[in-house]
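Trainee: Could we go through the aromatic contacts here and check each label against its cut-offs?
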Amino acid sequence: MEHYDLIVIGSGPAGRRAAIQAAKFGRSVLVVERGRRVGGVSVHTGTIPSKTLRETVLNLTGWRERGFYGRSYRVKQDISADDLMARLHKTLDHEVEVLEHQFARNKVDTIRGEARFVDTHVIEVLGEAGDVQAFKAARYVITVGTRPFRPDYVPFDGEFVVDSDEILELKELPRSIAVVGAGVIGVEYASIFSALDVHVTLVEPRNSMLDFLDKELVADFTHQLRDRGIALRFGAKVEKIEKHGPADCEITLEGGRCVRSNVILFAAGRMGATPSLNLDACGLEVDHRGRLRVDPVTFQTSVPHIYAAGDVIGFPSLASTSMEQGRIAACQALGEKAYDPPEYFPYGIYAVPEISTVGMTEEEIKERGIPYECGVARFRETSRGHIMGLETGMLKMIFSLKTRRLLGCHIVGEGRPNWCISARRS
Ligand SMILES: Cc1cc2nc3c(=O)[nH]c(=O)nc-3n(C[C@H](O)[C@H](O)[C@H](O)COP(=O)(O)OP(=O)(O)OC[C@H]3O[C@@H](n4cnc5c(N)ncnc54)[C@H](O)[C@@H]3O)c2cc1C
């Protein structure tokens, strides 16, 4: 049986960083990936595809120029699903190629197959052809990520009622879409489809969305979505989802209200991809969403030689944070010097328009009783905003009145300045 210093299960952003960091320390590393190609959700169904789609949509629709030329302006008149997919495949191929090269350059071994624990130090990898190989490692980093939550009451068919993986396979652009779930993924897709002039209804059982963001920012963003004609159905649970026929779907909300659309995207949550790992064999338990609990600084699980990072440990579930967590987890697992995770990770939400945020929200600052002041710049009042024809968008910075330190920086809008500010608690 082959023995490694570290085995990383999953090759998404967290696994990739964990593996490369360990290899840079001169340790032997194996990455196990069950997908057809390395890269994880980030490369194949998540970050990169949705951002490529977003960029394609903005380019083909001419959305960024509409401030000057009016809402009916379009670069390409009839945009098809094929137009959107062409760029997607090229980008993904390139991403995979870069990643494979990074693994090869750093001498990281990879194997394709599904990993499952046999005991605390041994895993089996089940290949596609049914072949099984066993490997042993002194340390593990679990970075298996998540999968879309697919409750039984939703009649998924992969065509008209789809999850966030399947939405990328749409054969035709719908005239209308209902998006269930106003989390980051739901909001991103809702705003992207709206930029294509598809009629969008966003359904969310809570009364608000993106609650981890500064409220003023969310209010501005919400106003922009409404202004573009996105229907927001907030504060009502979904009671029923039905498909009456091709391109004829219906959501019944609590209270009897109905939403009809060609396509439904169900994007209400994700589940840790842990069921296949046979975690009983190594003594680990997961929560009701299949996620692992770790120490927030070291990323160590309750089993001392097993670490976990990325989406499988929960919030904030972003590619950039997953990468940093993976890197720190590998350092900690191998007993190498690791910096503590930053108190605040910057978050980017690639809706149309984009949202970026780092540090404390105004609500958090108030709660802590810190005397503060805000500075707000509206894009339409800046020269760059005039040049770009921007009518919306804002930058908000919050300072401590005592120390004059920056406590939080929050941006919503297109063409925001391409920099990031890191804030610390005063
Ligand atoms: C639609 C969408 C849009 C997103 N947009 C953004 C964004 O704009 N910005 C951002 O920062 N983040 C975004 N994210 C989130 C981002 O994709 C995730 O945070 C990131 O991919 C998590 O990385 P990870 O390494 O934890 O796991 P993943 O990327 O999920 O990778 C896990 C890998 O583990 C493999 N695996 C699972 N089980 C096993 C097993 N038993 N054996 C072997 N391999 C296994 C899987 O096949 C997968 O390849 C988005 C996600 C989605 C779904």
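**Rings, charges and cut-offs**

Mentor: Start with Arg-289, whose charged end sits over the ring of Phe-149, 4.8 Å from its centre. The model is predicted, so local features need pLDDT of at least 70 and side-chain atom pairs count only at pLDDT 80 or more, while totals for chains, interfaces and linings use all residues. Residues are numbered from 1 along each chain as its sequence is written, and side-chain values use heavy atoms, with hydrogens and water left out.

Trainee: What makes a charge sit over a ring?

Mentor: NZ of Lys or CZ of Arg must be within 6 Å of the ring centre and within 35 degrees of the ring normal. Arg-150 also has its charged end over a ring, that of Phe-156, 4.1 Å from the centre.

Trainee: How many aromatic pairs does a search of the whole structure find?

Mentor: Eight. One of them is Tyr-4 with Phe-135, a tilted pair at 6.3 Å centre to centre and 50 degrees between the planes.

Trainee: Why is that called tilted?

Mentor: Rings of Phe, Tyr and Trp (its six-membered ring) pair if their centres lie within 6.5 Å; planes under 30 degrees apart are stacked, over 60 edge-to-face, and the rest tilted. At 6.3 Å and 50 degrees, Tyr-4 and Phe-135 are therefore a tilted pair.

Trainee: Why does Tyr-4 count as buried?

Mentor: Buried means under 20% relative accessible area, exposed over 50%, partly exposed in between (1.4 Å probe, protein chains only). Tyr-4 has 5%, so it is buried, and Phe-135, with 3%, is buried too.
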